[in-house]
Amino acid sequence: MEQTVIEYRGVRKHRGRKMIGPIDLRIPKGYVIAIVGENGSGKSTMMNMLMQMVIPDEGEISWFGQGELKEMTTEMKQQIAFVPEQTSPEENRWTVDQAVKFRSYWYPDWDSAYYEQLMDRFGVPRDVKLRKLSKGEQRKFEIAAALAARPKLLLLDEPSSGLDPFAWKMMIDELRLFMQGGETTIVMNTHIVDEVKKLADYIVMIHQGQLMGMAEKDSLLDNWKEVWLSTEEEIADDLPGVVSWQRETSTILRVLTTECQALEHTLHEADIQMLKMRGLELDEVLSLWIQGHKPA
Ligand SMILES: Nc1ncnc2c1ncn2[C@@H]1O[C@H](COP(=O)(O)OP(=O)(O)OP(=O)(O)O)[C@@H](O)[C@H]1O
């Protein structure tokens with residue numbers, strides 16, 4: 001069985017009039033997990049609770065398979081790097097060089113050469129206070145410092161916010177390299193479908209504070225399809241995973257399904273011909289999921 005790196009058990013947090021949770025979720029080790037959802041759905045709250053920057057009202061979180069702990073140990077914290085939505089107000093007064101000196105003490109596996117290489121490639125100035133950097137430069141610094149920590153778990157809250165397209169591509173390439181070897185895990189909050197497409201193994205959907213589930217990206221793309229069937233019969237309601245259907249002509253039925261593999265099997269059994277198939281784009285999948293059509 002796959003190892004679990006993070007587990008939320010019955011976690012809830014009141015936020016103003018909103019309730020985030022209950023969240024029951026196991027994050028498997030060695031994958032990229034993208035948390036997606038609309039603005040204000042609770043993605044950052046989920047991540048901040050994981051980092052103990054926000055304390056849940058109910059439930060518990062366990063880190064690295066250690067179930068009994070109320071808090072992360074220092075050793076655990078040193079295995080996690082976090083790129084938050086906003087840079088920390090304490091560090092904002094420091095220069096880039098001062099901030100990185102602190103981080104290099106904190107992380108036992110800090111890789112100075114890699115940090116220098118990333119900063120050179122990103123072109124971030126070093127002797128400037130963090131608050132004086134542009135938004136994109138701050139992001140670049142945070143990403144370089146998080147990767148140089150060589151963490152076991154990398155948490156990214158909207159990592160590409162403010163990045164130019166060249167830096168974005170560099171980030172994607174570096175995150176892919178980071179995942180080689182299978183020992184590391186990335187959890188990322190993102191609105192960028194292309195980022196999910198290029199990086200994610202699993203997608204977690206959160207909507208208005210409620211967890212809609214976790215699904216394997218490839219399985220979603222393999223199963224969420226639009227198909228054209230040669231049939232005069234009104235069989236759509238008897239087919240697996242049908243989200244919607246439309247009769248195009250008296251002999252052609254167009255069906256949108258979330259269970260294409262099962263549907264193909266049913267068609268084969270019923271001797272119905274499939275004329276055409278179109279895989280849904282990831283943004284179409286996500287928008288149907290958010291409307292309540294769950295993955296099988
Ligand atoms: N400190 C707080 N006190 C009260 N409510 C808060 C607080 N922080 C966030 N919220 C509310 O909690 C809800 C979830 O916020 P959160 O930042 O987790 O959402 P998000 O999914 O990350 O949104 P976005 O995509 O816009 O970054 C929002 O309605 C937000 O207004």
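This is a predicted model: local features need pLDDT of at least 70, side-chain atom pairs count only at pLDDT 80 or more; totals for chains, interfaces and linings use all residues.

Visitor: Which residues surround the ligand?
Guide: A residue is near a molecule if its C-beta atom, placed from the backbone, lies within 6 Å of it. Here those are Arg15, Gly16, Lys18, Gly37, Asn39, Gly40, Ser41, Gly42, Lys43, Ser44 and Thr45. Helix H1 (residues 43–50) supplies the largest share of the shell, three residues. Helices (H or I, at least four residues) and strands (E, at least two) are DSSP runs, numbered from the N terminus.

Visitor: What pLDDT does the protein chain average?
Guide: pLDDT is the predictor's confidence in each residue, from 0 to 100. The average for the protein chain is 94, and 100% of the residues score at least 70. The model's ipTM is 0.96 and its pTM 0.94.

Visitor: How is the protein chain divided into domains?
Guide: Domain bounds come from an automatic or database domain assignment. Domain 1 takes in 1–79 + 152–159 + 184–219, and domain 2 is 225–279. Their centres, taken over C-alpha atoms, are separated by 36 Å.

Visitor: Which residues have the most contacts inside the largest nonpolar core?
Guide: In soluble globular proteins, nonpolar side chains tend to be buried together. A nonpolar core is a set of buried Ala, Val, Leu, Ile, Met, Phe, Trp, Tyr and Cys residues joined through C-beta atoms within 7 Å. Buried means 20 or more other C-beta atoms within 10 Å of the residue's own, exposed means 12 or fewer, and partly exposed is in between, with C-beta atoms placed from the backbone. The largest core here has 68 residues, and Ile33, Ala34, Ile35, Leu155 and Ile203 have the most contacts inside it. Helix H5 (residues 135–148) gives this core its largest share, seven residues. Apart from it lies another core of nine residues, including Leu239, Val255, Leu256 and Leu267.

Visitor: Why does tryptophan 228 count as partly exposed?
Guide: Tryptophan 228 counts as partly exposed because it has 16 C-beta neighbours inside 10 Å.

Visitor: What does glutamate 226 contact, leaving aside its neighbours within four places in sequence?
Guide: Two residues are in contact if their C-beta atoms, placed from the backbone, lie within 7 Å. Glutamate 226 contacts Arg254, Leu256, Arg278 and Leu280. With residues up to four places away again not counted, tryptophan 228 touches Ile252, Arg254, Leu275 and Lys276.

Visitor: Where is there a cis peptide bond?
Guide: A cis peptide bond joins glycine 21 and proline 22, with omega about 10°. Proline 22 has its place in strand S2 (residues 18–28).

Terms used
Residues are numbered from 1 along each chain as its sequence is written.
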